[in-house]
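Hello,

Here is the structure I promised to pass on. Please have a look, and then read my notes below.

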Amino acid sequence: DKRMQQLNKQVQEHQATVVRINSLKEEMIQLDTRVQTIVEQLMSEREQLDEIVQQAKKIQNTGHKIDTQMLLSYASRVAKHTLSPLNQNSWIIEPPIPQDNHMRMSLLFQQDKL
């Protein structure tokens with residue numbers, strides 16, 4: 001009877017181990033599927049990035065060079081004329097063309113008087 005209980009206990013442990021192994025196999029299959037999906041997505045994204053890089057290289061090789069300093073200088077000059085004010089009283093808005101007061105304050109106007 002004691003031997004039978006010992007064998008029964010070993011069989012239960014073995015069955016529990018088999019159930020755990022089967023559970024781990026299922027989890028491994030699910031993780032493999034997930035990894036495969038991620039790798040496929042990464043390959044697709046890599047292809048898209050390669051296309052973008054090729055397009056950028058084509059644009060770069062067209063010979064159109066942009067002087068970034070000139071571009072930034074121009075942007076800073078026109079920036080005050082390209083945004084609408086958040087509050088009408090918060091900003092002083094100047095029109096994009098010189099006004100009479102600008103002309104009067106300029107050196108050209110003062111030289112005309114001389």
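Which residues form a nonpolar patch on the surface? They are Val 35, Val 39 and Met 43, with about 270 Å² of accessible area together (Shrake-Rupley method, 1.4 Å probe, with only the protein chains shown as cover for residues). Val 39 sits in helix α1, residues 2–60, and counts as partly exposed because its relative accessibility is 39% (buried is under 20%, exposed over 50%, partly exposed in between).

A word on how to read this: it is a predicted model, where local features need pLDDT of at least 70, side-chain atom pairs count only at pLDDT 80 or more, and totals for chains, interfaces and linings use all residues. Residues are numbered from 1 along each chain as its sequence is written, and side-chain values use heavy atoms, without hydrogens and water.

The chain has 4 helices and 0 strands (DSSP runs of H or I, at least four residues, and of E, at least two, numbered from the N terminus). Buried residues make up 0% of its 114 residues.

Mean pLDDT, the predictor's confidence from 0 to 100, is 80 for the chain.

Best wishes

Note on methods. Buried means under 20% relative accessible area, exposed over 50%, partly exposed in between (1.4 Å probe, protein chains only). Patches are made of residues with over 30% relative accessible area and no salt bridge: like charges are joined within 9 Å, nonpolar side chains (Val, Leu, Ile, Met, Phe, Trp, Tyr) within 5 Å. A salt bridge is a side-chain nitrogen of Lys or Arg within 4 Å of a carboxyl oxygen of Asp or Glu.
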